[in-house]
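Keep the viewer open as you read.

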Amino acid sequence: MAAVDAVLFGSPEYNRSIPGAFKNAIDWASRPWGQNSFDHIPAAVIGASIGQIGTAMGQQSLRGVLSFCNARQMTSPEAYIQFSPAVFLDDGEITDDSTREFLRAVMTEFRTYVEMVLTVLPRRRE
């Protein structure tokens, strides 16, 4: 984890938060104290859920954890995707043009954000 330049977090929402195993993995990567793999890392959060508001509550929970870990979070655009088997096929193909274009725009924005953050605040390698 400490060797990467940026992290895109994608997660479903469980009980208005993130899955326990996902939280545990973040906890492990942020320890031991003083060796936090997320310190100053550019990060973005996306997710998909069957609910009308996508993963809005889970993302809010994850953002709180990442804030404590000192990750440099991209806050816009927000990507709350409503999951539908008609839009997301089993092989990962996205059948809806507007969803595909929206996700492409989010990824383009994330790339620009990573470049900006790393220009101002290069990652420390330990």
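**Starting from Phe38**

Leaving aside residues up to four places away in sequence, phenylalanine 38 touches Met1, Phe9, Ile26, Ala29, Ser30, Cys69, Asn70, Ala71 and Arg123. Bear in mind that this is a predicted model, so everything here is read off computed coordinates. Serine 37 sits in the loop between α1 and β2, and its relative accessible area of 11% is under the 20% cut-off, so serine 37 counts as buried. With residues up to four places away again left out, serine 37 touches Met1, Ala2, Ala29, Ser30 and Arg123.

Now for the rings. Three aromatic pairs turn up in the model. In one of them, phenylalanine 9 and phenylalanine 22 have ring centres 6.0 Å apart and planes at 55°, so this pair is tilted. It bridges distant parts of the chain, with phenylalanine 9 in strand β1 (residues 7–10) and phenylalanine 22 in helix α1 (residues 20–29), 13 residues apart. Phenylalanine 9 also pairs with phenylalanine 38, again tilted, at 5.9 Å centre to centre and 50° between the planes. Here phenylalanine 9 is in strand β1 while phenylalanine 38 is in the loop between α1 and β2 (42–49), so the pair ties together parts that are 29 residues apart in sequence.

Is phenylalanine 9 buried or exposed? Its relative accessibility is 5%, so phenylalanine 9 counts as buried, and phenylalanine 38 is buried too. In soluble globular proteins, nonpolar side chains tend to be buried together.

That brings us to the cores. The largest nonpolar core has 14 residues, and the members touching the most others are Phe9, Ile26, Phe38, Leu62 and Leu66. Two or more residues come from each of β1, α1, β2 and α2 (56–68), with α2 giving the largest share, three residues. Apart from this core lies another, of nine residues, including Ile46, Met74, Ala79 and Val114.

Next, follow the strands. β1, α1 and β2 make a right-handed β-α-β unit, and β1 and β2 pair in the parallel sense over four bridges. One place to look is glycine 10, whose bridge partner in β2 is isoleucine 46. β2 also runs parallel to β3, joined by two bridges, and alanine 43 stands opposite glutamine 73 in β3. Then there is β4, which runs parallel to β2 with four bridges joining them; here serine 49 stands opposite glutamine 82 in β4. How many residues of β2 are buried? Seven of its eight are, so to speak, under cover: β2 is mostly covered.

Finish with helix α3 (residues 97–120). This helix has 24 residues and reaches 35 Å from its first C-alpha to its last, close to the 34 Å expected at 1.5 Å a residue. Its buried residues are Thr99, Leu103, Val106, Phe110, Tyr113, Val114 and Val117. What do the buried residues of α3 pack against? They pack against β1, β2, β3 (72–73) and β4 (79–82).

Technical notes
Residues are numbered from 1 along each chain as its sequence is written. This is a predicted model: local features need pLDDT of at least 70, side-chain atom pairs count only at pLDDT 80 or more; totals for chains, interfaces and linings use all residues. Side-chain values use heavy atoms; hydrogens and water are left out. Rings of Phe, Tyr and Trp (its six-membered ring) pair if their centres lie within 6.5 Å; planes under 30 degrees apart count as stacked, over 60 as edge-to-face and the rest as tilted. Buried means under 20% relative accessible area, exposed over 50%, partly exposed in between (1.4 Å probe, protein chains only). The expected span of a helix is 1.5 Å times one less than its number of residues. Contact means heavy atoms within 4.5 Å. A nonpolar core is a set of buried Ala, Val, Leu, Ile, Met, Phe, Trp, Tyr and Cys residues joined through side-chain atoms within 4.5 Å. Two strands pair if DSSP finds at least two bridges between them. A crossover is right-handed if, with the strands pointing away from the viewer, the path from the first strand over the helix to the second runs clockwise.
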